[in-house]
Amino acid sequence: MKFETKAIHAGQDPDPLTGAVVPPIYQTSTYKQDGVGGTRGGYEYSRTANPTRRALEECLAALENGTSALAFASGMAAEDCLLRVLCRPGDHVLIPADAYGGTFRLFDKVLSRWGVSYGTVRQNDLEAVDQAAAGRKPKLIWAETPTNPLLSVIDIRALAEVAHAHQALLVTDNTFASPYLQQPLDLGADIVVHSTTKYLGGHSDVVGGAVVVKDPALAADLAFTQNATGGVAGPFDAWLTLRGVKTLAVRMERHCANATRVAEMLAAHPAVSEVFYPGLPGHPDHKIAATQMRGFGGMVSFRVAAGPDKAVEICGRTRLFTLGESLGGVESLIEHPARMTHASASGSPLEVPADLVRLSVGLEDVGDLLADLRQALG
Ligand SMILES: *Cc1c(COP(=O)(O)O)cnc(C)c1O
């Protein structure tokens with residue numbers, strides 16, 4: 001099955017009991033047993049497994065070409081479970097120099113207390129990654145591509161080779177691209193993580209996360225720890241996410257088309273000093289993006305020529321672009337990373353420029369979006 005077909009059908013056979021075309025919301029905590037130990041299909045308690053969650057997990061595994069997926073209550077719950085499974089005190093992890101703020105905080109403020117250390121490196125500099133890996137012998141290399149908020153694109157295949165040469169696993173946070181635009185497991189990554197809150201859910205109405213793997217033994221470890229620690233996706237959240245996933249392919253096409261037009265307009269605008277969008281031919285990682293991705297995504301960042309105060313002002317002046325954190329929904333959003341999503345990276349090596357504005361370009365009419373940005377830029 002091709003991607004669009006899997007998004008609609010994988011894990012979603014009509015309900016055997018009623019023929020319901022859409023997987024029912026199994027809003028139940030427990031399941032009747034037919035005699036002690038006589039579970040139906042192995043379902044005994046919904047922290048351990050739930051049919052609606054399982055439908056989402058099967059669909060996500062199919063979309064990423066993995067063997068299994070696990071769905072969590074949030075992207076951070078997914079990351080936390082994965083890192084508890086893979087890391088022990090004394091282990092080191094290499095993370096991107098512009099990692100997602102919440103990921104940075106998890107390493108910097110939580111895992112550091114448990115003896116797991118991290119180092120940052122610009123991952124599009126493979127030599128720097130190789131050197132850092134040779135020096136610190138990391139257990140994992142944690143990658144994001146495109147990165148947030150500077151939209152660097154990392155060569156996943158090359159990074160996987162570097163990781164494996166140093167006996168490290170490569171984890172790829174595929175939230176910004178979504179599995180429609182890129183499939184890291186096919187490129188050599190060992191594990192994919194998602195905040196399904198973003199493009200997979202796609203409608204800004206549910207928080208969730210996922211881990212996708214291609215190693216059955218790791219999947220079993222993860223399932224054990226997911227059940228032991230409990231950060232699972234609830235049935236209604238799993239259902240909402242699955243509903244969003246069905247239209248992922250068509251949504252991503254429009255996100256990419258609208259973002260390209262927005263990036264081109266900003267690149268020609270005198271109030272803008274620099275635009276970050278991998279689809280622009282002048283972007284330093286344009287070539288690798290063009291070979292690795294099916295499209296360039298819906299995220300665009302730009303620096304404001306007049307400086308940080310003006311950047312903050314612009315964020316308050318748009319009418320269609322809603323001022324808010326998060327991304328990947330049908331509606332366009334605008335934010336100031338240095339004071340919002342990336343405030344926790346302030347003063348660290350991951351600090352982002354204060355004149356930077358980040359856009360999540362939605363599915364509205366692109367003419368309306370361009371007009372809104374033009375009036376806000378003045
Ligand atoms: C939002 C996000 C996360 C965290 O996911 P939540 O669902 O908010 O917990 C992780 N990585 C990236 C790239 C994100 O954008």
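## Salt bridges

The structure holds 11 salt bridges. Keep in mind as you read that this is a predicted model. One of the bridges joins the side chains of Lys139 and Asp91, with N and O 3.6 Å apart. Lys139 sits in the loop between helix H5 (126-136) and strand E4 (140-144), while Asp91 sits in the loop between helix H3 (75-86) and strand E2 (92-96), so this pair ties together parts that are 48 residues apart in sequence. How open are the two partners? Lys139 has 35% relative accessibility and counts as partly exposed, whereas Asp91, at 17%, counts as buried.

Another bridge links Lys109 with Asp108, and here the closest N and O atoms are 2.8 Å apart. Both ends get the partly exposed label: Lys109 has a relative accessibility of 48%, and Asp108 has 24%.

Then there is Arg303, whose side chain meets that of Glu274 in a salt bridge (3.9 Å, N to O). Arg303 belongs to strand E9 (residues 299-304) and Glu274 to strand E8 (residues 272-276), so the pair ties together parts 29 residues apart in sequence. Arg303 is partly exposed at 26%, and Glu274 is partly exposed at 36%. Salt bridges can also share partners, and that is how Lys32, Asp34 and Arg40 end up in one network.

## Two domains

In terms of contacts, 40 residues of domain 1 touch 40 residues of domain 2. What about salt bridges between the domains? The count is 0. Polar contacts do turn up, though: 17 residue pairs across the interface. Several helices of domain 1 each supply at least two residues to the side that touches domain 2, namely H1, helix H4 (101-110), helix H6 (156-165), H7 and H9.

## A look at Ala177

Ala177 lies in the loop between strand E5 (169-173) and H7. Is Ala177 buried or exposed? With 0% relative accessibility, Ala177 counts as buried.

Leaving aside residues up to four places away in sequence, Ala177 touches Thr145, Pro146, Gln182, Met252 and Met293. Ala177 and Arg294 are 117 residues apart in sequence, yet their C-alpha atoms are 9.3 Å apart in space.

## Helix H2

Helix H2 covers residues 51-63, and you can check its length yourself: at 1.5 Å a residue, its 13 residues should span 18 Å, which agrees with the 18 Å between its end C-alpha atoms. Just after H2, Asn65 takes a positive phi of about 55 degrees.

Why is H2 called largely enclosed by the rest of the structure? Because 11 of its 13 residues are buried, including Pro51, Arg53, Leu56, Cys59 and Leu63. The buried residues of H2 pack against helix H1 (3-9), strand E1 (68-72), helix H7 (178-181), strand E7 (209-213), helix H8 (216-229) and helix H9 (235-245).

Terms used. Residues numbered from 1 in each chain as written. Predicted model: local features only at pLDDT ≥ 70, side-chain atom pairs only at ≥ 80, totals over all residues. Heavy atoms only, no water. Helix = DSSP H or I, 4+ residues; strand = E, 2+ residues; numbered from the N terminus. Expected span 1.5 Å × (residues − 1). Buried < 20%, exposed > 50% of the residue type's maximum accessible area, 1.4 Å probe, protein only. Contact = heavy atoms within 4.5 Å. Salt bridge = Lys/Arg side-chain N within 4 Å of Asp/Glu carboxyl O. Polar contact = N/O pair within 3.5 Å; in protein donor to acceptor, adjacent residues only side chain to side chain.
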